[in-house]
Amino acid sequence: MQNKYNNHLGGVIKSARLRNQLTRKQLAEKLHISQRHLTAIENEEQQPSYDLLFSLIRELQIPSDMIFYPERQKKFGELDQLQHLLRQCDSKDLNIVMSTVQSLLDNKSDMR
């Protein structure tokens with residue numbers, strides 16, 4: 001069954017694959033599918049099975065809301081970028097980021 005989100009799904013998957021610096025061949029091998037099948041999902045609106053969709057979401061670290069709530073894409077795009085950056089941090093970096101965000105929120109609530 002075709003719907004207006006099929007093309008969106010392929011774009012999300014392709015963007016996440018590129019962001020993770022994976023070729024179609026590399027991702028297809030990780031998922032044990034053919035490169036042609038991945039191409040069809042990304043470019044030809046082919047629907048992946050539930051199991052494959054689950055694997056794609058996890059392997060590419062796609063926030064599931066980006067797929068299931070595409071109307072909120074701008075917000076999730078920004079959050080996705082932030083998550084991608086945070087995944088590159090070590091525990092010391094994360095502590096600094098968490099302290100900074102907590103201070104920001106504390107100051108924001110003090111101003112109210």
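Counting aromatic pairs in this predicted model gives 1 aromatic pair. The partners are Tyr50 and Phe54, whose rings are stacked, with 6.5 Å from centre to centre and 25° between the planes. The stacked label follows because planes under 30 degrees apart count as such.

| Residue | Relative accessible area | Class |
|---|---|---|
| Tyr50 | 64% | exposed |
| Phe54 | 43% | partly exposed |

H4 covers residues 50-59 and packs with H2, residues 24-31, at an angle of about 120°, and the two axes are 11 Å apart. That angle makes H2 and H4 oblique to each other, since 65 to 115 degrees would be needed for roughly perpendicular and over 145 for roughly antiparallel. The crossing of the two helices is right-handed.

Which residues make the contact? From H2 come Leu27, Lys30 and Leu31, and from H4 come Leu52, Ser55, Leu56 and Glu59. Sorted by class, the contact of H2 with H4 holds 4 nonpolar residues, 1 polar residue and 2 charged residues.

Technical notes:
Residues are numbered from 1 along each chain as its sequence is written. This is a predicted model: local features need pLDDT of at least 70, side-chain atom pairs count only at pLDDT 80 or more; totals for chains, interfaces and linings use all residues. Side-chain values use heavy atoms; hydrogens and water are left out. Axes are lines fitted to C-alpha atoms, for helices over the stretch in contact, and angles run from 0 to 180 degrees between N-to-C directions. Helices (H or I, at least four residues) and strands (E, at least two) are DSSP runs, numbered from the N terminus. Angles under 35 degrees count as roughly parallel, over 145 as roughly antiparallel, 65 to 115 as roughly perpendicular and the rest as oblique. A crossing is left-handed if the near helix is turned anticlockwise from the far one by less than a right angle, and right-handed if clockwise. Contact means heavy atoms within 4.5 Å. Ala, Val, Leu, Ile, Met, Phe, Trp, Tyr, Cys and Pro count as nonpolar, Asp, Glu, Lys and Arg as charged, and the others, Gly among them, as polar. Rings of Phe, Tyr and Trp (its six-membered ring) pair if their centres lie within 6.5 Å; planes under 30 degrees apart count as stacked, over 60 as edge-to-face and the rest as tilted. Buried means under 20% relative accessible area, exposed over 50%, partly exposed in between (1.4 Å probe, protein chains only).
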